[in-house]
Amino acid sequence: MSGSSRFIEACWGKAHDVVPVWFMRQAGRYQPAYRQLRERYSFLEMARSEEIITEVTCRPVEELGVDAAILFSDIMMPMGPMGIDFDIEEHKGPVIAHPIRSAQDLKHIKPLRPEENLPEIFRSIEKICRRIDPVPLIGFAGAPFTLASYIIEGGPSRNYQETKKMMWEQPALWDELMMTLADAVLSHLTAQIRHGARAVQIFDSWIGVLSVEDFEHAVLPTMREIFSRLNTFHVPTIYFGTETAALLPLMKETGATVLSIDWRIPVASARRQLGANVAVQGNLDPVLLLSSWEVLAGHARRILDEMAGDPRYIFNLGHGVPPGTEPEHLKRLVDLVHGYALPGEV
Ligand code: CP3
């Protein structure tokens, strides 16, 4: 259950044959087979079905030839059993029935018992790992800040007003919420690793709305604690965020094995800021997937040229695959990355 994998090797900076590649949201609405399932089931029904989780997670590996699978689930799945009711609205995202804004609200949150609360996820993980071996499965969770932003705002937000208000005006309540969410993230990821996930990614999609100072004081201590505990399992740990150009040096202090960056900063400049001893993932603007193949390929090659010979680089997008992407584009992109010859090679 642990065959060699160029993705895992690149996370650790060990020798591997070609640049590894996988895509955030590689399972989703751009796939005709996914859309067919969605005609019959809601997203949440799909994310609670062992059979569908397994099928939808494995297909991109089998159809695109990517170097890792990412569990088909959502950052919100642990929230239900914790007593935070939510729904996922199409084209909108998570919507929370009763937002968490006070000490009283926080008292109602229950600790997560992953295997008991979400058994279908862990049964799926075991099946997926057997089916895709030697390709590894990446487990994941939402980061406390990004989860907090949904449960405090009640849904997606433009300026994160209620979240920042709690962070600034009620620092003790904020710290308690961060700790409560960190416990859930840790127990969920530990269980995923125990059932077979060979790497874990923490999604802090909206962390870029914070100033460097707020990140350092209100979020970094929690993230440092999470990564130092996860790193005891000796599987690569990945920290993802968007609009993080100014935060990268502090994100490195979390101890994550890999930092996943968006497209707003040149990847070579991220590498210069971070130094050589952390892996870097990402960087292609996902909207390029909606462009012509020539334009898409040109940008992909530029990233590969910038990172040529870097043993700690993993090709990915700066955020998720947009619906409307031509599946053939993704397949050609995987082939382009795998077929990329270093300058001077024949
Ligand atoms: O393929 C994969 O990447 C794995 C599956 C995955 C999903 N959500 C499936 C999903 C992962 C890793 C996530 C994480 C997630 N969920 C994040 C962090 C990553 C990111 O995109 O920033 C966030 C912020 C969420 C919350 C969420 N859930 C959003 C913003 C949405 C999209 C709303 C929309 O309709 O565009 C969802 C729903 C969701 N999660 C879909 C999928 C495939 C689309 C649901 C559908 O079929 O309608």
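Before I start, a word on conventions: residues are numbered from 1 along each chain as its sequence is written, and side-chain values use heavy atoms, with hydrogens and water left out. Because this is a predicted model, local features need pLDDT of at least 70 and side-chain atom pairs count only at pLDDT 80 or more, while totals for chains, interfaces and linings use all residues.

Let me begin with the salt bridges, where the term stands for a side-chain nitrogen of Lys or Arg within 4 Å of a carboxyl oxygen of Asp or Glu. The count by that rule is 15. One of them joins glutamate 115 to arginine 194, with 3.0 Å between the closest N and O atoms. Glutamate 115 sits in helix 6 (residues 114-117) and arginine 194 in helix 10 (residues 171-194), so this pair ties together parts that are 79 residues apart in sequence. Helices here are DSSP runs of H or I with at least four residues, strands are runs of E with at least two, and both are numbered from the N terminus.

As for accessibility, buried means under 20% relative accessible area, exposed over 50%, and partly exposed in between, with a 1.4 Å probe and protein chains only. Glutamate 115 is partly exposed at 33%, whereas arginine 194 is exposed at 57%.

Let me turn to arginine 264, which forms a salt bridge with glutamate 243 at 3.7 Å, N to O. Glutamate 243 lies in the loop between strand 6 (237-241) and helix 12 (248-252), and arginine 264 in the loop between strand 7 (258-261) and helix 13 (267-274), 21 residues apart. Arginine 264 also meets aspartate 262 in a salt bridge, at 2.4 Å, N to O. Is aspartate 262 buried or exposed? Aspartate 262 is buried, with a relative accessible area of 2%, while arginine 264 is partly exposed at 44% and glutamate 243 is partly exposed at 46%.

Helix 4 (residues 50-64) and helix 7 (residues 119-132) pack at an angle of about 30 degrees, their axes 9 Å apart; the axes are lines fitted to C-alpha atoms over the stretch in contact, and angles run from 0 to 180 degrees between N-to-C directions. The contact, meaning heavy atoms within 4.5 Å, includes Glu55 and Glu62 of helix 4 and Arg131 of helix 7.
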